[in-house]
Amino acid sequence: IHHLQGSEKTNICDREIINVTSSSCLTCSIWVSNYWPKNAVDFDSNNYFEGGRNNIWIKYDFKEKKIRPTRYSIKTRNDDDNQNPVNWLIEVSNTDKDDDWRIIDSRTGVTSVSKRNQSDTFDISTRLSDNEYYRYIRFRCNGHTSGGSYGCLAISSLEYFGYLIE
């Protein structure tokens, strides 16, 4: 994401380089902007994404680009210890159809990003071949978050690393 952002300090979603969406977003309105999915790629602010719903996900659409992810970093919000990720899947797709998502990483009981203002980097557990590139990457919560919630997820930033085809 930093590579795509370049030297510009504006959000890459606002510049229409990628699109970030979610299955739900808490109080996403014009008046409450710090919960939007696009805030997960806004690394230089205190805004964050927060959504509520079972199996909540946040999806990155790289549009005409494709990525072969090798690692990812998660940073938690700075104001609360609840709704941080503990159990999740990383999925990839080229079609975005419900039956075309492939799980490439799965985590359970992670505590390194369960408190406020923490960050950690994780290796993708599935080694993708040199010719595997994907347009969509989805982070999907598949269990409780910190604080025991099953219906909310908050992420300050979610960064993917790997190889990019432009």
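Reply: A salt bridge here is a side-chain nitrogen of Lys or Arg within 4 Å of a carboxyl oxygen of Asp or Glu. The model is a predicted one, and by this rule the count comes to 14 salt bridges.

Me: Why is the pair of Glu-91 and Arg-138 called a salt bridge?

Reply: The closest N and O atoms of Glu-91 and Arg-138 are 2.7 Å apart, and because the limit is 4 Å, the pair qualifies as a salt bridge. The pair links distant parts of the chain, with Glu-91 in strand E5 (residues 88-93) and Arg-138 in strand E8 (residues 136-141), 47 residues apart.

Me: How do you know whether Glu-91 and Arg-138 are buried or exposed?

Reply: Glu-91 has a relative accessible area of 3% and Arg-138 one of 11%; buried means under 20%, so both Glu-91 and Arg-138 count as buried.

Me: What makes Arg-77 buried, and how is Asp-80 classed?

Reply: Arg-77, which forms a salt bridge with Asp-80 at 3.1 Å between the closest N and O atoms, has 5% relative accessibility and therefore counts as buried, the limit being under 20%. Asp-80, with a relative accessible area of 22%, is partly exposed, because that class lies between 20% and 50%.

Me: Why are Arg-71 and Asp-123 called partly exposed?

Reply: Arg-71 has a relative accessible area of 38% and Asp-123 one of 46%; since exposed means over 50% and buried under 20%, both residues are partly exposed. Their side chains meet in a salt bridge of 2.9 Å, N to O.

Technical notes: Residues numbered from 1 in each chain as written. Predicted model: local features only at pLDDT ≥ 70, side-chain atom pairs only at ≥ 80, totals over all residues. Heavy atoms only, no water. Buried < 20%, exposed > 50% of the residue type's maximum accessible area, 1.4 Å probe, protein only. Helix = DSSP H or I, 4+ residues; strand = E, 2+ residues; numbered from the N terminus.
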